[in-house]
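Here's a quick briefing to read alongside the model. Have the viewer open and follow along.

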Amino acid sequence: MSVFLQQTVNGLSLGSAYAVFAVGFTLLFGVLNVLNLAQGAVFMVGAFTGLELVRLVELPLPLAFLVAMVTAGAVSVLTQVAVFGPLERRGGHRWMGLIASLAVARLLVAIAQEVFGTQVLRYPSEPWMEASWTIAGVQIQGLQLIVLATALLVMAALAVLLRATQTGRAIRTMAFNPNVARLVGVPVQRMTLLTYFIAGALAGAAGVQLGVLYNAVSPFMGETILLKGLTVLILGGLGHVPGAALAGLLLGLTEVYSVGYLSSSFRDAVGFGLVFIILLVRPHGLFGLTTRQRA
Amino acid sequence: MTALLEISHVAKRFNGVVALDGVSARVGRATITAVIGPNGSGKTSLLNVVTGFYEADRGSVRFNGTEIAGRPPHWIARLGLARTFQHIRLFEGFSVFDNVHVAAERRGTSHARRRAEQALEVVGLAAVGRQQADALPYGHKRRLEIARALATEPEILILDEPAAGMNATEKIELGELLFTIRDLGKTILLVEHDMDLVMGISDYVIALNFGCTLAAGAPAAVRQDPQVIEAYLGRPEAADA
């Protein structure tokens with residue numbers, strides 16, 4: 001039982017970071033109908049930005065976390081302005097954007113390789129990260145708590161923004177019909193950029209969270225998370241944002257349980273196996289209703 | 001009659017097929033003007049040119065004295081022309097209220113809720129504001145689309161076949177709704193197939209055929225115009241059917 005509880009604690013903290021990434025990934029898909037494979041690279045940019053701010057500028061981690069979010073958001077906006085926007089205006093096939101997003105990802109990874117090399121780098125350890133408490137035989141690390149708390153905070157903030165603000169409602173109209181959104185006065189271009197910013201900032205946040213949690217940052221770290229993002233996108237119901245948050249947590253738990261009870265080699269196999277099974281039973285994903293219910 | 005909207009010599013072709021061939025029309029303030037014509041006569045094309053969805057090859061569209069031909073749809077909408085669509089396009093995952101609220105908010109945040117409520121009251125959907133839009137019956141969805149258009153505070157409301165798919169009772173209620181909206185001082189321009197509805201509610205009727213204006217004037221006059229009868233209504237006795 002204590003193994004189970006221990007794995008649950010580990011899984012929740014890991015899964016909450018997955019959820020943060022996946023929510024951004026899903027937001028782009030649900031609102032703008034964009035499958036952006038560069039999100040993994042933006043995640044990596046966030047991780048490196050946080051790392052360098054802590055290592056070189058000696059910024060406190062919470063501040064570095066915020067700046068990393070803003071930087072990753074800005075990079076994401078830049079990709080829209082420079083690549084995805086112009087492609088969309090030319091009216092090409094959706095595949096063009098997909099391929100272009102792969103190119104953007106490769107470019108960002110190449111730049112990171114040039115600047116930081118291919119070595120795995122680590123966040124300097126801080127006392128609060130090491131702190132741990134044992135409750136009923138279950139060890140809880142300070143780091144895990146912080147990751148879980150920041151993840152919940154970031155997602156709650158997003159939920160409030162999307163559900164309870166004028167800006168959020170304007171963003172959500174684009175999920176249904178951008179042309180009609182424009183007609184009722186929604187500034188679609190500005191809201192598109194904002195959506196890219198939010199998605200990038202969420203990827204950046206997850207980058208710092210997982211960079212600290214795994215204690216490893218490398219130019220290639222975005223590739224694994226991208227696959228997890230895709231898994232969660234499908235599990236959560238293609239574009240369903242709250243579904244993605246829950247599916248992210250679920251994926252984290254599943255991975256950790258499979259490591260705990262089977263073997264670490266099964267980690268990814270179990271996650272993807274889960275997708276397969278759930279799609280057989282519920283073709284719209286766990287929480288997907290119809291495309292109309294997106295965002 | 002002061003014209004709010006003036007359409008002059010508008011022409012539009014699609015790959016050589018003439019959709020509009022020099023159509024001119026005037027829409028007076030606070031009137032209900034209907035565009036009629038057989039299928040393919042250019043009715044919806046005309047609405048699409050006016051609302052900026054199509055760019056006219058030539059001709060001019062003036063709204064309140066401002067040239068709007070060739071401007072993008074959202075620019076025209078901001079000027080005070082709101083439209084609905086032949087196939088209803090709601091924000092379906094939103095509640096009924098949010099569909100209208102989101103439009104009211106874009107016209108300024110102050111009293112947006114109140115303005116949204118008022119628009120729902122006008123169309124008679126105030127009681128179902130909390131329902132999901134996609135759960136509404138068909139006729140209510142049409143009304144919701146009209147409420148959303150009203151919430152943008154337009155001067156002119158442009159409706160593309162608002163009675164399509166409605167039953168007889170719903171059509172009568174729609175007619176009453178359009179009278180209410182006109183009496184609020186709004187101008188209505190609609191394309192509609194249902195002759196009884198058009199003749200019953202319109203102040204002015206424009207009949208199109210093959211992209212040209214066949215006749216324009218009071219409903220009774222247009223109904224009796226021999227060219228209209230021949231092109232659209234068929235034999236005279238059919239016109240009364």
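Is Pro38(B) buried or exposed? Pro38(B) is buried, with a relative accessible area of 18%, where buried means under 20%, exposed over 50% and partly exposed in between (1.4 Å probe, protein chains only). This is a predicted model, so to speak: local features need pLDDT of at least 70, side-chain atom pairs count only at pLDDT 80 or more, and totals for chains, interfaces and linings use all residues. Residues are numbered from 1 along each chain as its sequence is written, chains are lettered from A and ligands numbered from 1 in the order in which they are written, and side-chain values use heavy atoms, with hydrogens and water left out.

**Around Pro38(B)**
- Look for Pro38(B) in the loop between strand 3 (32–36) and helix 1 (43–50) of chain B; helices (H or I, at least four residues) and strands (E, at least two) are DSSP runs, numbered from the N terminus.
- Pro38(B) and Ala77(B) sit 39 residues apart along the chain, and their C-alpha atoms are separated by 28 Å.

**Helix 5 of chain B**
- Helix 5 (residues 138–151) has 14 residues and should span 20 Å at 1.5 Å a residue, which agrees with the 20 Å between its end C-alpha atoms; the expected span is 1.5 Å times one less than the number of residues.
- After helix 5 of chain B comes Glu153(B), whose phi is positive, near 55 degrees.

**Where the chains meet**
- Chain A and chain B bury about 1900 Å² between them, 64% of it on carbon and sulfur atoms; buried area is the accessible area (1.4 Å probe) that two parts lose on being put together, summed over both.
- Chain A brings 18 residues to the contact and chain B brings 23 residues.
- The rule finds 1 salt bridge across the interface, a salt bridge being a side-chain nitrogen of Lys or Arg within 4 Å of a carboxyl oxygen of Asp or Glu.
- Arg169(A) forms a salt bridge with Glu105(B), with the closest N and O atoms 2.4 Å apart.

**Surface of chain A**
- Leu5(A) lies in helix 1 of chain A and is partly exposed, at a relative accessible area of 35%.

How values were computed. Contact = heavy atoms within 4.5 Å.
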